[in-house]
Amino acid sequence: MLPDADGVLRARWRTGWSPCDESWMFLKSLRPGQAVTGTVTGIADTVVFVDVDGFTARVRRPELSWRSFASASDLAPVGGQVTAAVLGVNLVREELQLSLRALRDNRWRNCPPTSASRSAAW
């Protein structure tokens, strides 16, 4: 230990980078809406797991597509490459949520609201 410029002895130490530090830095670099590309590593009932630069991200079933589908493997087969938008990053839990449908056109946006047109006619 050596004294600082003000004469006070302060303990300083450095540790090597850990995998936790690397994943934190990766997650910190992502922004909501950013497009990322990854490989599908697994499919469960309600979630698809995607490897993005060595980090496992999740795509929940409602975020896979705007249209209905029978199986998630139809849209994102295991081993296939997908491009998704970052929905959110949780640094505390080290979670990354993605959306495939956020990068696709929403056909429902162009439909007129049915409830408003019915109420106007009455």
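These legends describe close-up views of a predicted model.

**Figure 1. Overview of the fold of the protein.** The protein has 3 helices and 5 strands, and along the sequence they follow the pattern α-β-β-β-α-β-β-α. Of its 122 residues, 26% count as buried. The accessible surface comes to about 8900 Å², and carbon and sulfur atoms account for 54% of that surface. Among contacts between residues at least 6 apart in sequence, 54% join residues at least 24 apart.

**Figure 2. The largest nonpolar core.** This core holds 21 residues, and Val48, Val50, Leu96 and Leu98 are the members that touch the most others. At least two core residues come from each of helix 1 (19-29), strand 1, strand 2 (47-52), strand 3 (55-60), strand 4 (81-90) and strand 5. In soluble globular proteins, nonpolar side chains tend to be buried together. Beyond its neighbours within four places in sequence, Val48 is in contact with Val40, Gly42, Ile43, Ala57, Arg58, Val59, Leu64, Ala72 and Ala76.

Figure 3. Strand 1 spans residues 35-43 and includes Val40. Val40 has a relative accessible area of 2% and is therefore classed as buried. With neighbours within four places in sequence set aside, the contacts of Val40 are Val48, Phe49, Val50, Ala76, Pro77, Val78, Gly79, Gly80 and Val82. One of these residues, Ala76, is 36 residues from Val40 along the chain, yet the two C-alpha atoms are separated by 6.8 Å.

**Figure 4. The aromatic pair Phe26 and Phe55.** A search of the whole structure finds 1 aromatic pair. The rings of Phe26 and Phe55 are tilted, with 6.0 Å centre to centre and 45° between the planes. Because Phe26 lies in helix 1 and Phe55 in strand 3, the pair ties together parts that are 29 residues apart in sequence. Both partners are on the buried side of the 20% cut-off: Phe26 has a relative accessible area of 17%, and Phe55 has one of 10%.

**Figure 5. Ser99 in strand 5.** Ser99 belongs to strand 5, which covers residues 95-99. Its relative accessibility is 0%, so Ser99 counts as buried. The side chain of Ser99 reaches the backbone nitrogen of Ala102 at 3.1 Å. Apart from neighbours within four places in sequence, Ser99 is in contact with Val59, Glu63, Ala84, Ala85 and Leu87.

**Figure 6. Arg101 and the ring of Trp66.** The charged end of Arg101 sits over the ring of Trp66. The distance from this charged end to the ring centre is 4.2 Å.

Figure 7. Most residues other than glycine have a negative phi. Asp53 has a positive phi, near 55°, and is placed in the loop between strand 2 and strand 3. With a relative accessible area of 67%, Asp53 is exposed. Glu94 also has a positive phi near 55°, and this residue is found in the loop between strand 4 and strand 5. At 28% relative accessibility, Glu94 counts as partly exposed.

Definitions and conventions
Residues numbered from 1 in each chain as written. Predicted model: local features only at pLDDT ≥ 70, side-chain atom pairs only at ≥ 80, totals over all residues. Heavy atoms only, no water. Helix = DSSP H or I, 4+ residues; strand = E, 2+ residues; numbered from the N terminus. Buried < 20%, exposed > 50% of the residue type's maximum accessible area, 1.4 Å probe, protein only. Polar contact = N/O pair within 3.5 Å; in protein donor to acceptor, adjacent residues only side chain to side chain. Contact = heavy atoms within 4.5 Å. Areas by Shrake-Rupley, 256 points an atom, 1.4 Å probe, with all protein chains shown as cover. Core = buried A, V, L, I, M, F, W, Y, C linked by side-chain atoms within 4.5 Å. Phe/Tyr/Trp six-rings, centres within 6.5 Å; stacked < 30°, edge-to-face > 60°. Lys NZ or Arg CZ within 6 Å of the ring centre and 35° of its normal.
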